[in-house]
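Let's take a friendly walk through a protein model together. Please have a look at the sequence and the structure first, and then read on.

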Amino acid sequence: MSDRRRLIVEAALRVIARDGVNAATHRAVAAEAGVALASTTYHFTSKSEIVAEALELAIDRSIAAVESCTAPPLPATTAALADRLVELVEALCADDQAPLAAQYELLIEAGRSPRLRRLAERWDGAYLGGLGTVVAAAGVAEPDEAARILSDLIEGALLDHVTAPQDELVGETLRPRIARVVAGLAAT
């Protein structure tokens, strides 16, 4: 991807995070990127093309965070699993390059667009695959189902965080919930 094209996609992510997918017009993205409107229309034939590339970039970055947090050494205990999941949540929350608000906006848009749906499916596969790997390593039975349950818990908390940000989401709110759910899954 050219530097100019990347600059435009990065700007589109910021516009989407701040104002939603519908606001990601050529004009708004050009203004955010600090480039001429002709530059966005040269690199992107349509708004849907800008949105698709922004989704792909956000998903690539989120997958990189998942891969980093689910890479060896794998957690051998449920306590280590809970710590690893908290690390993943912190990484997803801290990613200024793919803000959570933009990720959710784009994933919702993927539910409306068959073209974007494949990108959302790629994210879901990598996310659940990574969770399944660390869950299995910690010895939790039925790791795929446990990964889905943990994903639901984490994604619900992150979506709540996007709508009503909490200063201590991870430490005070989510860490004890993750530990409790992990312990419950390990006990079954």
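**A walk along the helices**

Let's begin in helix H7, which covers residues 114-137: Trp123 and Tyr127 sit 4 residues apart there, so about one helical turn separates them.

Before that, a word on what you are looking at. This is a predicted model, and the mean pLDDT of its chain is 93, with 100% of the residues reaching 70 or more. Confidence is highest in helix H2 (residues 26-33), at a mean of 98, and lowest in helix H6 (residues 100-112), at 89.

Now back to our two rings. The count of aromatic pairs comes to 1. In that pair, the ring centres of Trp123 and Tyr127 are 4.7 Å apart and the planes meet at 25 degrees; planes under 30 degrees apart count as stacked, so this pair is stacked.

Next, follow the chain to helix H8 (residues 143-163) and helix H9 (residues 169-187). How do their axes cross? They come within 11 Å of each other, at an angle of roughly 165 degrees. Angles over 145 degrees count as roughly antiparallel, and therefore H8 is roughly antiparallel to H9. The crossing of H8 past H9 is right-handed. Where the two helices touch, H8 contributes residues including Ile149, Leu153 and His161, while those from H9 include Leu174, Arg177 and Val181. Sorted by class, this contact has 13 nonpolar, 1 polar and 1 charged residues.

H9 also meets helix H5 (residues 78-94). The axes of H5 and H9 come within 9 Å and cross at roughly 140 degrees, and the two helices are therefore oblique to each other. H5, too, passes H9 in a right-handed crossing. Among the residues that meet here are Leu81, Val86 and Cys93 in H5, and Leu169, Arg175 and Ala186 in H9. By class, the contact of H5 with H9 has 13 nonpolar, 1 polar and 3 charged residues.

Finally, let's visit two loops. Pro73 is found in the loop between helix H4 (47-69) and H5. What kind of peptide bond joins Pro72 and Pro73? The bond is cis, with omega at about 0 degrees. The loop between H7 and H8 holds Glu142. Phi of Glu142 is near 50 degrees, which is a positive value in a residue other than glycine.

Definitions and conventions
Residues are numbered from 1 along each chain as its sequence is written. This is a predicted model: local features need pLDDT of at least 70, side-chain atom pairs count only at pLDDT 80 or more; totals for chains, interfaces and linings use all residues. Side-chain values use heavy atoms; hydrogens and water are left out. pLDDT is the predictor's confidence in each residue, from 0 to 100. Axes are lines fitted to C-alpha atoms, for helices over the stretch in contact, and angles run from 0 to 180 degrees between N-to-C directions. Angles under 35 degrees count as roughly parallel, over 145 as roughly antiparallel, 65 to 115 as roughly perpendicular and the rest as oblique. A crossing is left-handed if the near helix is turned anticlockwise from the far one by less than a right angle, and right-handed if clockwise. Contact means heavy atoms within 4.5 Å. Ala, Val, Leu, Ile, Met, Phe, Trp, Tyr, Cys and Pro count as nonpolar, Asp, Glu, Lys and Arg as charged, and the others, Gly among them, as polar. Rings of Phe, Tyr and Trp (its six-membered ring) pair if their centres lie within 6.5 Å; planes under 30 degrees apart count as stacked, over 60 as edge-to-face and the rest as tilted.
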